[in-house]
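The report below describes a single protein chain and is meant to be read with the sequence and the coordinates at hand.

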Amino acid sequence: MTDGSPAAEPQITPERTFALVVGVESYEIDTRLNLSGPAGDAVRFADWLTGTAGVPKSNVRLLLSPLAGTWVEGEAKPATQKNVEEALFTDLAQCDGDLLWIYWAGHGFLDRRHDLLLPYADATAGLFAHLNLSSALRRWKSDEIAGGRFRRTVTVGDACRLDIARLKGKFPQVNYPVGAPTRRMQFTLYASRPGETAKNTVQAGQFTDTLLRRLEGRTLEQATLGLPDIARDVQADFTVMRANGTAWQHPQFDIALGWDGSSLHGDTWADGGTTSRPTGGLVLDQVAWTELGQLMSESTELPRDTYAAYRWAFEVTGCVPPMDHKLPSSDLVEIVRDLDDRQGTSRAVPLALPFVKHLASRAAPSPWVVAANGWVERTRERLSADPVPVPPSRPVESPALHVRLTEDDEGSYRLQLWSFQERWDYVGDFPDPMDLEGVRKALTLHLLTEPAKPARIEFHVPFDLLEVPFETWTVSRPARRGRGERAVQLGCRYEVVLRCPEEREDLELWLAKWQWYETHGGLHPDAVRDIADCDVSGDLADKLQLNASPVCVLAEVTEDLVMDVLEAVVDGGIPIAVWRRPSPAAGAAIRTVLDADPPHALDVASLPTGLRRARVDQHPLALLYDNPDRVPLRRSLSS
């Protein structure tokens with residue numbers, strides 16, 4: 001690793017400061033993407049650099065693509081791919097400077113790795129050309145920028161951070177070459193959190209307006225070294241604006257988030273790590289962040305139960321959890337950063353410690369688990385934090401009876417039974433094929449005579465049998481105290497779920513959906529999708545499989561479209577679906593029946609219990625609940 005510590009850096013001067021300032025309003029790919037304001041915002045930011053901050057105009061590369069007919073003061077090249085990449089990777093990289101500012105106003109999208117993609121003005125539908133800002137910053141932190149120049153980089157992004165799936169078009173994968181890591185410091189200030197849009201006021205970016213007010217009157221050195229406080233002031237301004245209803249976004253900042261996985265946090269930008277953060281609840285120190293970067297440097301996907309760990313961290317420390325039931329990032333280090341930012345004062349335990357300990361408790365034994373638990377204990381002792389409680393065990397699944405029906409001849413089936421209570425036990429099969437009435441009688445006899453009583457009954461059936469209302473089958477209950485036998489509907493006595501594993505052609509897609517569900521939890525706002533008649537089309541399955549979510553479909557459709565939806569559900573890899581059985585009376589909306597109308601959230605995990613309750617209340621609902629990791633006599637798809 002090359003040296004270049006902040007302590008050795010010379011005084012920040014305007015003459016040795018350079019900048020790339022970009023504003024994109026007009027997009028060739030689609031006029032519906034056009035924005036009003038980014039070009040003017042870029043000019044105003046350049047004016048601050050060359051005015052109050054004193055940076056020579058010759059040191060600023062201004063690239064603008066304003067709307068047609070819009071006059072913007074100042075001469076600039078258009079914000080095309082050629083001009084941006086030439087300025088950032090060739091021209092500025094060869095300049096002899098100490099400080100680089102990058103400002104970008106326009107659209108922004110996040111890919112699956114959480115890299116920020118900024119479309120160029122000349123992006124086309126066939127090739128959505130863009131600057132991968134995250135990859136560019138990794139390059140600028142490496143020795144690809146030679147000669148020990150540019151010890152500091154400041155990046156300001158007045159752009160949305162939306163999932164690329166929200167935009168039709170193909171984003172090519174863009175990764176710029178990087179070299180060995182250096183000690184260059186980077187400060188990045190975003191206008192919004194992941195998933196949020198960045199609001200414009202009348203022809204101006206609300207974020208840029210707020211930031212420029214905080215920068216006004218400061219010298220270049222004051223503004224640069226004071227960025228952590230300025231960023232927190234901007235965040236405080238937005239807190240006020242959100243409270244009065246004039247803003248919705250949450251600006252975020254990173255300090256020296258290294259491409260090699262290390263993470264610096266706090267005021268190390270200005271003082272080399274000697275200044276502590278504001279007093280209050282315990283937060284991580286620099287040693288913890290450095291070790292955490294090493295611990296999680298190889299993590300590419302969020303592990304199972306990540307959201308459960310995130311939620312438990314708030315519960316066990318007595319802090320109020322976020323209300324939106326979702327993770328703040330798809331990167332583990334960024335999730336820890338979010339926890340540290342939200343730290344409360346009710347318990348002397350940093351929120352990050354129970355989060356990591358919970359992850360370790362749910363992971364398979366490995367060197368990583370040992371290292372994670374070691375990090376928790378070392379950090380706790382060094383910070384004099386309270387002991388971290390033992391995380392809760394994973395919920396035990398309900399005992400189940402698995403009823404598998406395999407078609408023999410038309411109208412007849414072979415019946416096999418398994419029981420499940422933490423492991424599979426083979427009960428037996430019936431040698432002769434039987435019709436569905438025979439299956440009902442055999443099942444009734446088994447439930448009456450077997451001492452072990454299941455809480456759930458799973459019907460493992462061919463696709464066509466999803467139409468059969470198994471939950472309405474009547475089963476007898478034993479006579480008691482001189483009373484005769486009584487009949488009760490299966491779905492009122494047990495949790496009845498349907499399954500069709502044999503119909504799943506794309507096993508990887510099915511497994512990916514379930515893994516997303518286990519990682520993000522059943523309360524995530526993207527976990528469930530409501531399907532109405534107008535949504536049913538030949539490409540519904542393709543739409544359902546575009547992303548890892550949704551994992552559950554509520555088929556709020558008329559009777560003749562139910563099987564079309566279920567076919568799309570199975571083909572699209574969706575493991576869970578709820579639909580209404582034929583009924584002479586008009587049924588209430590599924591969400592209403594399940595008490596999931598706002599403000600109540602629908603918890604996917606509660607559906608088996610919720611539907612049993614609904615059936616007791618005479619609501620004829622059916623449930624497909626197909627866990628790919630729990631199929632008898634079939635190797636687990638995740639093994």
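## Packing and ring contacts in a predicted model

This is a predicted model, in which local features need pLDDT of at least 70 and side-chain atom pairs count only at pLDDT 80 or more, while totals for chains, interfaces and linings use all residues. Residues are numbered from 1 along each chain as its sequence is written, and side-chain values use heavy atoms, with hydrogens and water left out.

The mean pLDDT (the predictor's confidence in each residue, from 0 to 100) of the protein chain is 86, and 87% of its residues reach 70 or more. pLDDT stays under 50 over residues 257-266, a stretch for which the model has 37 contacts (heavy atoms within 4.5 Å) beyond four places in sequence. Residues 635-639 also stay under 50, with 8 contacts beyond four places in sequence.

Helices (H or I, at least four residues) and strands (E, at least two) are DSSP runs numbered from the N terminus. Buried means under 20% relative accessible area, exposed over 50%, and partly exposed in between, with a 1.4 Å probe and protein chains only. In strand β20 (residues 495-499), 5 of the 5 residues are buried, so the strand is largely enclosed by the rest of the structure. E495, V497 and R499 point one way from β20, whereas V496 and L498 point the other way. In a regular strand the side chains alternate between the two faces of the sheet. Strand β17 (residues 456-460) pairs with β20 in the parallel sense over 5 bridges, where pairing requires that DSSP finds at least two bridges between two strands; in this arrangement F459 stands opposite L498.

Helix α17 (residues 562-571) is mostly covered, with 7 of its 10 residues buried, namely V562, M563, V565, L566, A568, V569 and V570. These buried residues pack against β21 (528-531), α16 (540-544), β22 (552-555), β23 (576-580) and β24 (621-625). Just after α17, G573 takes a positive phi of about 80 degrees.

A search of the whole structure finds 18 aromatic pairs. Rings of Phe, Tyr and Trp (its six-membered ring) pair if their centres lie within 6.5 Å, and planes under 30 degrees apart count as stacked, over 60 as edge-to-face and the rest as tilted. Two of these pairs are tabulated here.

| Pair | Centre to centre | Angle between planes | Class |
|---|---|---|---|
| F459 and F470 | 4.3 Å | 20 degrees | stacked |
| W514 and Y625 | 5.9 Å | 85 degrees | edge-to-face |

Elsewhere, ring pairs link F45, W48, W101 and Y103 into a cluster.

A nonpolar core is a set of buried Ala, Val, Leu, Ile, Met, Phe, Trp, Tyr and Cys residues joined through side-chain atoms within 4.5 Å. Of the 81 residues in the largest nonpolar core, V21, F45, L88, W101, L131, W140 and L211 touch the most other members. Leaving aside neighbours within four places in sequence, L211 is in contact with F45, V156, L189, I230 and V234.
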